[in-house]
Amino acid sequence: QVELVESGGGLVQAGGSLRLSCATSGRISSTNTMGWYRQAPGKQRELVARITSDGSAHYADSVKGRFTISRDNAKNTVYLQMNSVKPEDTAVYYCKTDACSSGYGCFYYWGQGTQVTVSS
C-alpha cells in the first residue's frame, strides 16, 4: 500500500513564505513525476508545479518566479517552497506521485490535501 503524507500548510500573510512537504511511503521501488495541485473553493483542481525524476520542473504561469518545486529521491519526498504568496494562492494543496511497486506496476497516488490560507 502506498501512502502520501503532506505537511506544512497553514495561515500566512500576503508576501510571506510557506514550505509544503509530501512524503511517499509504502512498498514502492521508485517514483517518477511528482507534483503539486491546488483547489480553491468553487474552482477546479489545477496544476501548480510538477517535477520529473531527473529534476525537470514545470510551473503554472500564476506561480512562476514565486514557487519552487524540488524533490529528494532518496526520501521519496517532494517539496513546494512558496514565496511572495498572494491571497489568490489560498486553496487546498494536494500532492500527486507516480509511484512504482515491483510486480504491481506504476500508478498515480494523491495526498489527503493541506490547507493554505493567505491573509491580505
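Colleague: What is the relative accessible area of Arg-38?

Modeller: This is a predicted model, in which local features need pLDDT of at least 70, side-chain atom pairs count only at pLDDT 80 or more, and totals for chains, interfaces and linings use all residues. Residues are numbered from 1 along each chain as its sequence is written, and side-chain values use heavy atoms, with hydrogens and water left out. Buried means under 20% relative accessible area, exposed over 50% and partly exposed in between, with a 1.4 Å probe and protein chains only. Arg-38 falls in the buried class, because its relative accessible area is 6%.

Colleague: How many residues apart are Asp-89 and Arg-38, which form a salt bridge?

Modeller: The closest N and O atoms of this pair are 3.0 Å apart. Strands are DSSP runs (E, at least two residues; helices are H or I, at least four), numbered from the N terminus. Asp-89 is in the loop between β8 and β9, while Arg-38 is in strand β4 (residues 30–39), and the pair links distant parts of the chain. Their separation is 51 residues.

Colleague: Why does the salt bridge between Asp-89 and Arg-66 tie together separate parts, and how many residues apart in sequence are they?

Modeller: The side chains of Asp-89 and Arg-66 meet at 2.8 Å, N to O. Asp-89 counts as buried at 1% relative accessibility, and Arg-66 also counts as buried, at 11%. Because Asp-89 lies in the loop between β8 and β9 and Arg-66 in the loop between β6 (57–59) and β7, the parts that the pair ties together are apart in sequence by 23 residues.

Colleague: How many salt bridges does the whole structure hold?

Modeller: Side chains of opposite charge can pair when their charged atoms come close. Here Arg-38, Glu-46, Arg-66 and Asp-89 are linked in a network of salt bridges. For the whole structure, the search finds a total of 4.

Colleague: What is the strand order in the open sheet of 4 strands?

Modeller: Two strands pair if DSSP finds at least two bridges between them. The pairing is antiparallel, and the order is β1-β3-β8-β7.

Colleague: Which residue of β8 stands opposite Arg-19?

Modeller: Strand β3 (residues 18–26) and β8 run antiparallel and are joined by 6 bridges. Opposite Arg-19, the residue in β8 is Gln-81.

Colleague: Which residue's backbone oxygen does the side chain of Ser-101 reach?

Modeller: Ser-101 is in strand β9 and is buried, because its relative accessible area is 13%. Contact means heavy atoms within 4.5 Å, and beyond its neighbours within four places in sequence Ser-101 is in contact with residues including Val-2, Ile-28 and Ser-29. At 2.7 Å, the side chain of Ser-101 reaches the backbone oxygen of Arg-27.

Colleague: What is the phi of Asn-76, which is not a glycine?

Modeller: Asn-76 lies in the loop between β7 (67–72) and β8 (77–82). It is buried, with a relative accessible area of 17%. Its phi is positive, at about 50 degrees.

Key
Polar contact = N/O pair within 3.5 Å; in protein donor to acceptor, adjacent residues only side chain to side chain.
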